[in-house]
Amino acid sequence: MLKDNLKKIEKNINNSCKILNRKREEITLVAVSKTKSAEKIQELYNLGIKNFGENKVQELKQKYLELPKDIRWHMIGHLQTNKVKEIIDKVYLIHSVDSIHLAEVIEKESLKKNIIVNILLEVNVSGEESKFGLSIDEVIHAVEVISKFSHIRIKGLMTIAPYTENPEENREFFYKLRELSIEIKNKNIYNVSMNILSMGMTNDYRVAIEEGATMIRVGTGIFGERIYK
Ligand SMILES: *Cc1c(COP(=O)(O)O)cnc(C)c1O
């Protein structure tokens, strides 16, 4: 089943790339494995997937211990400051930096461990109240402040679009995130790159790719429905 699901998604990504004249290598598929077992992750890993996304620190730590060391773990969920030190040396990329304060804590803890941590800033483009993330107006200031932290590298932006049956409704949010990333890129801020645009999930990744996503986060489409205990 995993194999067929993956095939289908790869096919969709490839088709979109062809139509858009984009290269397949420009887009990283992050398999969102939250709530899924280590066995399932291993199965997907054996099919060639190396990027996995988790949204809970405890779960990420446990899976990090159990699974191959060359997996790239992506922290995609809200990160509490008191948990930062538990994962900064285990993750490839933190997608969910949603405040300057969180970045300060990441800086402090990565200094102690003498490591550099790659992050994305999470932007609440849709303005939904239930969502974490900086508002569009706050992002440039946050980038300017965080760019001065010597143990953090800003690699781009991330957004979580609203859940919708009709992915076209999210196009404007993806478009806005891309516009914002271009605006930041054009400022040429030292230590800041805008190469990563993490946007698009199972229901809307094709629209996200059309609007310039370089990283898509797909859970259900690969692993099937999640069961929360
Ligand atoms: C769960 C989750 C996803 C994956 O959602 P699906 O609809 O299952 O593809 C992507 N991004 C974030 C931040 C998530 O929490």
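# Contacts, rings and a pocket

Biologist: Which residues does Asn12 touch, not counting residues up to four places away in sequence?
Modeller: Contact means heavy atoms within 4.5 Å. With residues up to four places away in sequence left out, Asn12 touches Tyr205 and Arg206.

Biologist: What kind of model is this?
Modeller: Residues are numbered from 1 along each chain as its sequence is written, and side-chain values use heavy atoms, with hydrogens and water left out. Totals for chains, interfaces and linings use all residues, whereas local features need pLDDT of at least 70 and side-chain atom pairs count only at pLDDT 80 or more, in what is a predicted model.

Biologist: Is Asn12 buried or exposed?
Modeller: Asn12 lies in helix H1 (residues 2–20). Helices (H or I, at least four residues) and strands (E, at least two) are DSSP runs, numbered from the N terminus. Buried means under 20% relative accessible area, exposed over 50%, and partly exposed in between (1.4 Å probe, protein chains only). Asn12 has 13% relative accessibility, so it counts as buried.

Biologist: How is the pair of Phe52 and Trp73 classed?
Modeller: A search of the whole structure finds one aromatic pair. The ring centres of Phe52 and Trp73 are 6.0 Å apart and the planes are at 40°. Rings of Phe, Tyr and Trp (its six-membered ring) pair if their centres lie within 6.5 Å; planes under 30 degrees apart count as stacked, over 60 as edge-to-face and the rest as tilted. The pair of Phe52 and Trp73 is therefore tilted.

Biologist: How many residues apart are Phe52 and Trp73?
Modeller: Phe52 is in strand S2 (residues 51–54) and Trp73 in strand S3 (residues 72–75). The pair links distant parts of the chain, with a separation of 21 residues.

Biologist: Are Phe52 and Trp73 buried or exposed?
Modeller: Phe52 has 0% relative accessibility, so it counts as buried. Trp73 has 1% relative accessibility and likewise counts as buried.

Biologist: Over the ring of which residue does the charged end of Lys50 sit?
Modeller: A charge sits over a ring if NZ of Lys or CZ of Arg is within 6 Å of the ring centre and within 35 degrees of the ring normal. Lys90 lies over the face of Tyr64, 5.9 Å from the ring centre. The charged end of Lys50, 4.7 Å from the ring centre, sits over Tyr45.

Biologist: Is Ala38 buried or exposed?
Modeller: Ala38 is in helix H2 (residues 38–46) and touches Glu66 and Leu67, not counting residues up to four places away in sequence. At 11% relative accessibility, Ala38 is buried.

Biologist: What C-alpha distance separates Ile106 from Thr81?
Modeller: Ile106 lies in helix H5 (residues 100–113) and is buried, at a relative accessible area of 0%. Not counting residues up to four places away in sequence, Ile106 has contacts including Val84, Ile88 and Ile152. Ile106 and Thr81 are 25 residues apart along the chain, yet their C-alpha atoms are separated by 7.9 Å.

Biologist: What is the phi of Asn188?
Modeller: Asn21, in the loop between H1 and strand S1 (28–32), has a positive phi near 60° without being a glycine. Asn21 is exposed at 73% relative accessible area. Asn188 is in the loop between helix H7 (171–185) and strand S7 (192–198) and is exposed at 66%. Asn188 is not a glycine either, and its positive phi is about 45°.

Biologist: Which residues lie closest to the centre of the largest pocket?
Modeller: On a 1 Å grid over the protein atoms alone, a pocket is an open set of points where a 1.4 Å probe fits, with protein on both sides within 12 Å along at least five of seven lines; lining residues have an atom within 4 Å of a point. The largest pocket holds about 520 Å³ of space. Of its 22 lining residues, the closest to the centre are Lys34, Met201, Thr202, Thr220 and Arg226.

Conventions: Points joined across faces, edges and corners; volume = space filled by probe spheres on them.
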